[in-house]
Amino acid sequence: MKKIQKNSLTTLLAVLIIFIMYNYFQQESGQYIVKTVIDGDTIELNDGEKVRYIGVDAPEFQSSKKNAEPFAEEAFQANRKMVENRKVKLEFDVEQRDQYGRLLAYVYTEDGIMVNEWLVANGYAKTVVFPPNVRYVDRFKLLEQEAQKQKIGLWGE
């Protein structure tokens, strides 16, 4: 009986070590797993870190201070379909955290699509500029103008 308990404990310890090493190497390689999508421009990683997408502003859900903005649910669902429970890579700019302690990043899917850019191009988010994190602002602005011209998403009638 004690031998079975010892084997079970050894197995459990080995699994725990593998899990910890896997998470460490995922983060070291710049890959993270999205635990949940909070809204159209914010996610939570498996390690509990919240990540706010740089350069974009998606409509917000209802809060105690204001009503839900139009297209908030659509932006949330689009973001969810792209990243929830999936691996992503993060690219940082000059400032890595905002005033709320969230990571600020350009987020990429496993197949290399920049989520920030995709949300703007498909009318799920607007371009927003918070210097000094402005690496892709010109690209985002051009994509936003095109989405407006095409009446896509937020810009639809």
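Student: Is Phe-140 buried or exposed in this model?

Tutor: The model is a predicted one. A residue is classed as buried when its relative accessible area is under 20%. Phe-140 has a relative accessible area of 1%, and therefore it is buried.

Student: With which residue does Phe-140 form an aromatic pair, and how is that pair classified?

Tutor: Ring planes under 30 degrees apart count as stacked, those over 60 as edge-to-face, and the rest as tilted. Tyr-136 and Phe-140 lie 6.4 Å apart, centre to centre, with 35° between the planes, and the pair is tilted. Tyr-136 has a relative accessibility of 14%, so this residue also counts as buried.

Student: How many aromatic pairs are there by this rule?

Tutor: The count is six aromatic pairs. One of them joins Tyr-106 and Tyr-136, with 4.7 Å between the centres and 85° between the planes, which makes the pair edge-to-face.

Student: Which residues do ring pairs link into a cluster?

Tutor: The cluster consists of Phe-71, Trp-118 and Tyr-124.

Student: Let us turn to charged side chains. How many salt bridges does the structure hold?

Tutor: There are ten salt bridges. The test is a distance: a side-chain nitrogen of Lys or Arg must be within 4 Å of a carboxyl oxygen of Asp or Glu. Among the salt bridges is that of Asp-98 with Arg-102, whose closest N and O atoms are 2.6 Å apart. Asp-98 counts as buried because its relative accessibility is 18%.

Student: What are the accessibility classes of Glu-44 and Lys-35?

Tutor: The side chains of these two residues, Glu-44 and Lys-35, meet in a salt bridge with an N to O distance of 3.3 Å. Glu-44 counts as buried, since its relative accessibility is 14%. Lys-35, at 43% relative accessibility, counts as partly exposed.

Student: Which parts of the chain does the pair of Arg-52 and Asp-41 tie together?

Tutor: In this salt bridge, the closest N and O atoms of Arg-52 and Asp-41 are 3.5 Å apart. Arg-52 is in strand E3 (residues 50-53) and Asp-41 in the loop between strand E1 (31-39) and strand E2 (42-45), so the pair ties together parts eleven residues apart in sequence. Arg-52 and Asp-41 are both buried.

Student: Which residues are linked with Arg-52 in a network of salt bridges?

Tutor: The network links Arg-52 with Asp-41 and Asp-57.

How values were computed: Residues numbered from 1 in each chain as written. Predicted model: local features only at pLDDT ≥ 70, side-chain atom pairs only at ≥ 80, totals over all residues. Heavy atoms only, no water. Phe/Tyr/Trp six-rings, centres within 6.5 Å; stacked < 30°, edge-to-face > 60°. Buried < 20%, exposed > 50% of the residue type's maximum accessible area, 1.4 Å probe, protein only. Helix = DSSP H or I, 4+ residues; strand = E, 2+ residues; numbered from the N terminus.
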